[in-house]
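Reader: Hi! Could you walk me through this one with me?

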Amino acid sequence: MTTTERKETGLSGYVGFETITEQIEKKFLKRGFQLNIMVVGETGLGKSTLINTLFSAHLVDSKGRRLVSEPIHKTLDINSATHNITENGVKLKLTIVDTPGFGDQVNNDNCWEGIIKYLKDQHAAYLRKELTATRNRFIDDTRIHCCLFFIAPTGHSLKPIDILVLKKLTEVVNVVPVIAKSDSLTPEERQAFKQRIKEEFIHHDIKLYPYDSPEDEEEDIALNKQIRELIPFAVVGSEKDVIIDEKPVRGRRNRWGVINVEDESHCEFVHLRNFLTRSHLQDLIETTAYIHYEGFRARQLLALRDDGEQPQAN
């Protein structure tokens, strides 16, 4: 049996391998990053508006009504739109996947199947590219890194269909639930609603992102604990400016006054944005690759060994 001895050895002079982090950063900045977000929820919950607010850009056309007399416009198919955006020299290829509003029909049996199939299809497409004899150095990644699940602000509890769809989604993607249009609730109603939803997540064993990891350090554990206390995020989206104290801020007016979406005392939009873009963006990408995709890949390769077929989304 061969054993390898490991020792901590001091250096007698400067070598220079410490600059590897700078080399990696330079390569990543040149190549850019890719983030794929899916939005799921009922029609009319402001999914497009929230995405545009999160990234301070008009990325998705809203299908909301501007007048009460207008008919409700519904997303009938799964649509994706990709945008190349840059912030302080950092390039991000951002893809937003909009899904049909589930629960909109009289018969909602299996209304989630198209969404689940789409998620698995992206894993299958990535695996096929990995298995080709002459694969590209950088594979175009269409796997969904984050699914924003929109909860209607009923003030009561989750609907049975919400629970069912959440359980299906969490098996294949990182799910982050949000209470949409939370300004329709009073602060007291909102807090009570959040607490009931948290209890339902626990009761139904719905495993939401972020997940525990043995690699987490104390700082990561503390941050994830804070995030879990906030989930589901009670959010408000707006692409319009309103005047507060003679200053324009991103917000909206409701029957109680003016909502500033970036005021933490008004809603939890800032916490959601910081979570998605400033603290967990890279972890969302890595978790997709190392947990959701890796599980799919292992199952598919075992199936390939048995029957020799191409990867399928099952």
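This is a predicted model: local features need pLDDT of at least 70, side-chain atom pairs count only at pLDDT 80 or more; totals for chains, interfaces and linings use all residues.

Reader: Thanks! Where is serine 184 found?
Author: In the loop between β5 and α5. Helices (H or I, at least four residues) and strands (E, at least two) are DSSP runs, numbered from the N terminus.

Reader: And what does serine 184 touch?
Author: Not counting residues up to four places away in sequence, serine 184 touches Pro153, Glu189, Arg255 and Trp256. Contact means heavy atoms within 4.5 Å.

Reader: Switching topic: which residues have the most contacts inside the largest nonpolar core?
Author: Those are Ile51, Leu148, Leu169, Phe233 and Leu272, in a core of 69 residues. A nonpolar core is a set of buried Ala, Val, Leu, Ile, Met, Phe, Trp, Tyr and Cys residues joined through side-chain atoms within 4.5 Å. Strand β4 (residues 146-151) gives this core its largest share, six residues.

Reader: Nice. What is leucine 148 in contact with?
Author: Leaving aside neighbours within four places in sequence, leucine 148 is in contact with Ile37, Met38, Val39, Val40, Ile51, Leu54, Val176, Val178, Leu272 and Leu276.

Reader: OK, helices next. How do α3 and α8 pack?
Author: Helix α3 (residues 113-131) and helix α8 (residues 281-307) pack at about 70 degrees, and their axes are 10 Å apart. Axes are lines fitted to C-alpha atoms, for helices over the stretch in contact, and angles run from 0 to 180 degrees between N-to-C directions. The two helices, α3 and α8, are therefore roughly perpendicular; that word covers 65 to 115 degrees, while under 35 is roughly parallel, over 145 roughly antiparallel and the rest oblique.

Reader: Which residues of α3 and α8 meet?
Author: From α3 there are Lys120, His123, Ala124, Tyr126, Leu127, Glu130 and Leu131, and from α8 Thr288, His292, Tyr293, Phe296, Arg297, Gln300, Leu301 and Leu304.

Reader: What about α2 and α7, at what angle do they cross?
Author: Helix α2 (residues 47-54) and helix α7 (residues 269-279) cross at roughly 65 degrees, with axes that come within 11 Å. That makes α2 roughly perpendicular to α7. Leu50, Thr53 and Leu54 of α2 make the contact with Phe269, Leu272, Arg273 and Leu276 of α7.

Reader: And α4, which of its residues are buried?
Author: In helix α4 (residues 160-169), the buried ones are Ile161, Asp162, Ile163, Val165, Leu166 and Leu169. The buried residues of α4 pack against β1 (33-40), α3, β4, β5 (175-179) and α5 (187-203).

Reader: Last one: how many helices and strands are there?
Author: The protein has eight helices and nine strands. Of its 314 residues, 40% count as buried.

Key:
Residues are numbered from 1 along each chain as its sequence is written. Side-chain values use heavy atoms; hydrogens and water are left out. Buried means under 20% relative accessible area, exposed over 50%, partly exposed in between (1.4 Å probe, protein chains only).
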